Amino acid sequence: MPWYDYPALSGGQPLPLAAVRLWHGTRSVRVIELVDSGADFSLFNITYADELGLDRAEATAGESVGASGMPIPTLRWPALSLEMQFEAERFPVRGAFAAFPPGSDTFSLLGRRDFFQRFIVQFWDAAELMNIDLSPDCPRPPLSSAV
Amino acid sequence: MTERRGVRPPVIDRRLAEELDNYRGQWVAIEDGRLVGSGDTLSEALAHARERSYPDPLTFHVPMHPERPFFL
């Protein structure tokens, strides 16, 4: 898999955002998420669970902790087969879903216990690039090709 | 941003990022780098895109304050 350019939102710093697809059975939704090596596991906005047809009443409730130190209520569906797909790779979701406060600027996150278990991720912030690969021997683009 | 050899373009390019500036705090649907739906909720953005014959768009919640640094 190749290197990926960081996008930058208007007025913001470039962010390592990646597109993945979440699967529950035959239902799926495509999501742009922040690749976050600091996140223990992937964390998705709860509205994606709704879109996938997951019943909140059947979820297992838990808590996570954000950078602020404040607890974040989470929901998981450990008995269900939830999967994530990046490029051609499809694998189980080990993360959770959270109801982010209205008006908050919180990203869904690709974290270590699922996404980073599957891929080797390199951040090259100076070039605003990240490499997401199944193996460590992917050829790197020559620096001279950067424009 | 000029495309770099051997590098996938960003999921949100500069032109789209400028357009998304008008959608801060909203959910958006994106297909082939173009905005195809928006709304206050994910389901509204998806419905908007599907009405326009984009059944399976990428989705994203646009930050209200992208200029602020993120510590997640």
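Begin by selecting the contact, which takes 37 residues from chain A and 35 residues from chain B; two residues are in contact if their C-beta atoms, placed from the backbone, lie within 7 Å. This is a predicted model, in which local features need pLDDT of at least 70 and side-chain atom pairs count only at pLDDT 80 or more, while totals for chains, interfaces and linings use all residues. Residues are numbered from 1 along each chain as its sequence is written, and chains are lettered from A and ligands numbered from 1 in the order in which they are written.

Next, on the side of chain A that touches chain B, select β1 (3-5), β2 (17-24), β3 (27-35) and α1 (46-51) of chain A, the elements that give two or more residues to it. Here helices (H or I, at least four residues) and strands (E, at least two) are DSSP runs, numbered from the N terminus. The largest share of this side, 5 residues, comes from β3(A).

Now select the open sheet of 4 strands, which has the order β11(A)-β12(A)-β1(A)-β1(B) and mixed pairing. At its edges stand β11 (120-124) of chain A and β1 (7-8) of chain B, each with a single partner strand, so one side of each is left without a neighbour in the sheet. Finally, look at β1(A) and strand β12 (residues 129-133) of chain A, which run antiparallel and are joined by 3 bridges; A:Leu129 in β12(A) is the bridge partner of A:Asp5.

Key. Pairing = 2+ DSSP bridges.
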